[in-house]
Amino acid sequence: MKKNVVKKIVSAALVAVLATGLMACGSESSDSGSTTGTETASTSSGSSDGTFTFGCDYFSEYIDPSVNVNSAWSLVRFGVGETLFAFDMDAVAQENLCDEATTEDYITWTLHIRDGVTFSNGKELTPSAVVACWEMMYEKEEEGSASVPSQFLDGATFEADDEAGTITVVCADVTTNLKGILAYPYFAVIDVDSYEEGVVDSVIGTGPYVLDSYVEATSKTFVRNENYWNGDVPYEGYTAIYMTDSTTKAMAIQSGDVDVVENVTTASDLETLMNDSAYTVESTAGGRLANTYFNFNGLLANDALRQAIQYAIDDETMCSVTVGGIYTAGYSVLPSSMDFGYDELTDPYEYDLDKAQEVLDEAGIVDTDGDGIREIDGENINLTYLAYESRQLQTFAEAVSTVLNSIGIGVDYQVKDYDTILALQESGDFDMVTANSIIVPTGNPDAFLGYFYSGNSDGYGYYSNEEYDAAYEQMIVSTDEDEKMELYIEMQQILIDDAATIVHGYYNSSITYNNSVITGVEMYPLDYTWITTDWAPVN
């Protein structure tokens with residue numbers, strides 16, 4: 001690793017304590033929006049040395065977009081990599097590394113790369129450099145990478161014209177939302193000439209910061225990109241410390257050990273921060289879904305088993321009580337807060353624990369040997385349930401496991417890190433797996449709904465439904481907004497009727513910062529964006 005040149009050093013002992021975390025629970029709900037408290041401010045160490053410290057979940061060891069989705073997000077979130085387009089606060093894709101995009105038929109697009117952009121190593125960003133990066137991403141996908149750019153843009157060709165400064169993208173089908181697709185972190189641009197597979201700090205981007213050093217699974221240190229193309233970078237650098245526990249984040253910012261934390265999810269801790277004038281809590285509602293995917297290649301291909309699970313889960317209580325109100329309950333993969341026809345849907349699986357057991361009994365899924373576990377084809381049901389320790393997903397999974405065990409469905413509940421779960425998910429080594437996903441990852445729900453399309457569903461549970469596939473194929477090429485809305489509604493109802501996934505609820509993302517230390521921090525509705533040049537010292 002390189003020598004750490006950032007002045008603000010967090011002691012190894014402190015890092016270890018913060019990374020380990022402390023466990024606590026809460027019961028109060030937070031309001032959405034930006035909230036500044038009114039009580040006496042807590043003390044803070046400040047950041048007078050030109051750096052800041054950021055407490056965040058451990059999403060991936062890598063900032064390599066080709067490793068998996070979380071490493072791609074980390075590349076952009078940490079301010080190292082950038083995309084040709086970037087989402088604004090209204091979740092609209094705006095020009096970024098590309099300053100002009102034109103098309104006549106939504107199949108052939110011409111993208112002009114902004115003049116004067118360089119990678120952090122000083123190398124010019126050319127159309128050829130962009131195409132080389134994207135082609136590398138698709139090659140890695142073919143080799144088995146967990147990153148799947150084809151999920152959003154499949155069958156397209158790219159041609160670079162460095163003299164004109166343009167890239168010609170020819171899509172396989174009508175693609176009305178290319179800007180939004182290219183704003184997804186899979187399409188962030190890195191310098192492939194300096195890239196070494198598996199070397200964490202070899203990833204060079206165009207963003208305001210550069211990865212300088214890291215402590216595996218503990219922290220990363222970043223320094224200013226002296227060649228940044230888009231104005232001054234206010235800080236010399238910053239350190240990101242991984243904290244998997246919500247209360248640890250709250251304690252760290254209150255003690256002044258960190259200046260900013262993302263997603264304090266324990267309701268009581270969040271309420272305390274909101275009511276303290278030392279801090280501002282920025283939050284945005286409705287853009288994320290908490291759900292559990294079923295693996296249709298295993299026992300959960302059984303319709304009755306999935307239906308019984310749906311009847312057995314009281315999402316209203318889980319959202320309002322179990323996770324303290326930081327989620328809003330719902331039954332569709334597209335949230336009720338968004339304009340995608342939620343009110344026109346019906347839920348055939350309202351909570352009814354007796355009905356759940358009745359469905360199992362009628363299907364012959366019973367306990368024949370009296371050990372308390374029901375059987376299918378003479379074998380005890382023992383579902384492997386994987387959960388992330390993030391955004392209370394582990395709390396949902398634990399509660400679901402407890403309920404299912406109570407009606408004779410055996411569950412092996414396991415909390416694992418992101419990289420491990422993604423690998424198991426990709427290989428199909430699970431029965432159920434929690435997720436917290438942005439529903440409009442490219443500015444509309446088309447890509448997310450593609451998780452359930454049979455051509456894309458590997459890794460998301462291998463779901464397959466001919467009616468759903470037909471609706472999806474029609475929707476993805478439609479340029480008529482009314483037709484797309486009708487198809488959105490049809491597809492949602494198919495998933496509901498099929499008991500295709502457990503929908504837990506819709507999450508409020510948040511970020512909290514110390515008012516005396518840092519300014520310009522915002523919570524974007526599509527939270528690929530964290531660290532920006534808007535983050536600046538107060539003084």
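Start by selecting helix H3 (residues 127-142), which lies across E6, E7 and E8 and runs at about 160° to E7. Contact here means heavy atoms within 4.5 Å. Helices (H or I, at least four residues) and strands (E, at least two) are DSSP runs numbered from the N terminus. Axes are lines fitted to C-alpha atoms, for helices over the stretch in contact, with angles from 0 to 180 degrees between N-to-C directions.

A word on the model: it is predicted, so local features need pLDDT of at least 70 and side-chain atom pairs pLDDT 80 or more, while totals for chains, interfaces and linings use all residues. Residues are numbered from 1 along each chain as its sequence is written, and side-chain values use heavy atoms, without hydrogens and water.

Next, show the sheet. Four strands form an open, antiparallel sheet in the order E5-E6-E8-E7; strands pair if DSSP finds at least two bridges between them. At the edges are E5 (98-103) and E7 (157-161), each pairing on one side only. The twist averages 20° from one strand to the next.

Now zoom in on E6 (residues 108-113) and E8 (residues 166-170), antiparallel strands joined by five bridges. Pick Trp109 and you will find its bridge partner in E8, Val169.

Last stop: the largest pocket. Select Val69, Leu422, Gln425, Tyr451 and Tyr460, which lie nearest its centre among 34 lining residues. Then colour H2 (69-77), E13 (279-294), H11 (418-427) and E19 (432-438), each of which supplies at least two lining residues. E19 gives the largest share, five residues.

Terms used
On a 1 Å grid over the protein atoms alone, a cavity is a set of points where a 1.4 Å probe fits but cannot get out, and a pocket is an open set with protein on both sides within 12 Å along at least five of seven lines; lining residues have an atom within 4 Å of a point.
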